[in-house]
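Work through the exercises below with the coordinates open. Each task is followed by its solution.

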Amino acid sequence: DLPETIGPVQITGIDRLGRFHRTLRFALLDNGIAVSGGEEAKTQIVLRDYRGSQFVTALDQEGKAAEYELSRTVVFSLREKATGRELIAPQELERRALYTDEPQAGFGITLQRREIIEQLDEQLVDDILTAISLKVR
């Protein structure tokens, strides 16, 4: 459980209009933590970096890419808004997943890849919330 003392929270840094930012915002709200963009925020979650990569991990019999590893990485910190004091120093979190390129999938592979990225983002958000609940009381 997240400590109520961190709210309301302001999410700042990169990706303000992106999917990861929205996922984090909704997760905070689902956990009973108010999210604010204004003066009433007590703390700030600062998204310092968010990036992804994809690597080929296996080839098929014809030498074409058959399996991939997707990764998503976020660097975040938590600080008091009024003083700027860090409650959690910048911390890098990473999640990875493998997926197979099915030849019959056609355009569906794009959907599969997008779903995996969304799952990785949700896992990263869970990791951020876990770090906050463990380090802030």
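This is a predicted model: local features need pLDDT of at least 70, side-chain atom pairs count only at pLDDT 80 or more; totals for chains, interfaces and linings use all residues.

Residues are numbered from 1 along each chain as its sequence is written, and side-chain values use heavy atoms, with hydrogens and water left out.

**Exercise 1.** Determine whether the peptide bond between G7 and P8 is cis or trans.

Solution. Omega is about -5°, which is cis. Most peptide bonds are trans. P8 lies in the segment before strand 1 (9-13); strands are DSSP E runs of at least two residues, numbered from the N terminus.

**Exercise 2.** Locate E69 and find the partner of its side-chain polar contact.

Solution. Step one: E69 belongs to strand 3 (residues 65-80). Step two: its relative accessible area is 18%, so E69 is buried (under 20%; exposed is over 50%, partly exposed in between, with a 1.4 Å probe and protein chains only). Step three: the side chain of E69 makes a polar contact with the side chain of R96 at 2.5 Å. Such a contact is a pair of N or O atoms within 3.5 Å, one able to donate a hydrogen and the other to accept it; residues adjacent in sequence count only if both atoms are side-chain atoms.

**Exercise 3.** Which parts does the salt bridge between E86 and R48 tie together?

Solution. The closest N and O atoms are 3.6 Å apart, within the limit of 4 Å between a side-chain nitrogen of Lys or Arg and a carboxyl oxygen of Asp or Glu. E86 lies in strand 4 (residues 86-100) and R48 in strand 2, so the pair links parts 38 residues apart in sequence. By this rule the count comes to nine salt bridges.

Conventions: Helices (H or I, at least four residues) and strands (E, at least two) are DSSP runs, numbered from the N terminus.
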